[in-house]
Amino acid sequence: ISLLLSSCSWPLICSAHMSAFYDILSIRNPAVKELVRLRLGGRRARIQRGLALVRGRQLIQSMGEHFKFKRVYTYEDSIAGSYHAERVVRVEKSVLRHAIFGPSREEYANRLDEDDFVLGTISPPKTIQDFDPAPRFLLAVDGVKYPENMGLLLASAVALKFDGVVFSPSCVDHLNYKVLEASQAVAWTMPHRYASAADLFELCKKYQLLPCAATADGVPLAELPSSLSAEHRGFCLVVGSESSGVSPDVLQYCKRVALPMSELMESLNAGVAGGILMHALACTWR
């Protein structure tokens with residue numbers, strides 16, 4: 001196959017005559033191993049390799065309208081002009097299934113749409129140290145583990161025009177491919193950084209933001225003042241993990257706020273509760 005590809009006078013992978021050929025046929029191919037490392041390795045693997053993994057034809061094409069991918073891996077026959085990438089690589093479908101799920105979870109592949117069997121790698125946006133211009137509304141995510149919740153929070157922050165996001169080191173990677181799917185990558189260019197509890201408090205002081213934490217025992221929204229005090233230009237809402245909420249190290253710096261809840265409901269998940277609180281505080285204190 002490699003000899004046929006190298007002698008072809010047309011651009012690589014762009015000819016309809018190549019429909020019978022694949023560039024990658026084996027799960028032992030180094031590129032496949034790289035995809036698996038990106039899928040399993042989390043934030044550390046992403047930083048080490050300088051690449052983020054994206055899954056799904058529609059999402060990759062949507063992001064490709066604004067950003068160029070390094071590689072797109074697909075089983076599709078007709079791909080000429082379909083993707084904005086340095087290279088489009090044709091991969092046998094069972095190999096893509098392995099890259100997405102691994103040998104122990106391949107049965108889940110039957111639940112996927114055909115669109116899901118397309119993977120892309122792309123250079124991730126850079127982490128910042130200072131927000132410029134000075135923010136008025138920040139979201140801080142403390143220990144959220146589930147990609148669906150992280151995706152909901154990021155999508156809400158973008159929709160409500162928050163100025164940036166601060167992540168604790170224990171969060172699920174906000175550029176995890178499942179987070180990107182859940183949020184449709186709307187927060188791809190949103191300013192972000194990582195911070196410890198002390199760093200987050202210093203950040204709030206620097207920008208004159210009131211640190212608020214979502215807690216069950218906090219002040220109900222209806223009882224909050226209608227405006228911020230003169231010493232605060234805006235606020236930073238901290239949303240904690242699904243199991244234990246905001247960590248004590250962060251909570252000690254924060255004003256506690258809560259959603260009024262029906263007695264029929266024990267709690268809302270982090271993504272839903274955080275989105276409601278972001279909207280309520282932004283409307284109250286804008």
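Predicted model: local features only at pLDDT ≥ 70, side-chain atom pairs only at ≥ 80, totals over all residues.
Entry 1: I began with the strand order, and I found an open sheet of 4 strands arranged 1-4-2-3, with mixed pairing. Strand 1 (52-55) and strand 3 (85-90) stand at the edges, and because each has a single partner strand, one side of each is left without a neighbour in the sheet. I noted that the twist averages 20° from one strand to the next.

**Entry 2: strands 2 and 3.** I then followed the pairing of strand 2 with strand 3, which run parallel and are joined by 5 bridges. Within this pair, I see Phe 69 standing opposite Ala 85 of strand 3.

**Entry 3: helices on the sheet.** I looked up what packs on the sheet, and helix 2 (residues 30-49) does so, touching strand 1, strand 2 and strand 4 (118-122), with its direction at about 115° to that of strand 1. Helix 3 (residues 57-64) also packs on the sheet and touches strand 1, strand 2 and strand 4, while its direction makes about 35° with that of strand 4.

**Entry 4: Thr 74.** I stayed with strand 2 (residues 69-74), in which Thr 74 lies. Is Thr 74 buried or exposed? Its relative accessibility is 0%, and under 20% is the cut-off for buried, so I count Thr 74 as buried. I found that its side chain makes a polar contact, at 2.4 Å, with the side chain of Glu 76. Leaving aside neighbours within four places in sequence, I listed the contacts of Thr 74, which include Ile 79, Tyr 83, Val 88, Val 89, Arg 90, Leu 96 and Phe 117.

**Entry 5: the largest nonpolar core.** Next I turned to the largest nonpolar core, which has 34 residues, and I noted that Leu 139, Val 141, Met 150, Phe 162, Phe 235 and Leu 237 touch the most other members. At least two residues of this core come from each of strand 5 (137-142), helix 5 (147-159), strand 6 (164-167), strand 8 (209-220), strand 9 (234-240) and helix 9 (270-285). Which helix gives the most to this core? I found that helix 9 does, with 7 residues.

Conventions
Residues numbered from 1 in each chain as written. Heavy atoms only, no water. Buried < 20%, exposed > 50% of the residue type's maximum accessible area, 1.4 Å probe, protein only. Polar contact = N/O pair within 3.5 Å; in protein donor to acceptor, adjacent residues only side chain to side chain. Contact = heavy atoms within 4.5 Å. Pairing = 2+ DSSP bridges. Axes fitted to C-alpha atoms, helices over the stretch in contact; angles between N-to-C directions. Core = buried A, V, L, I, M, F, W, Y, C linked by side-chain atoms within 4.5 Å.
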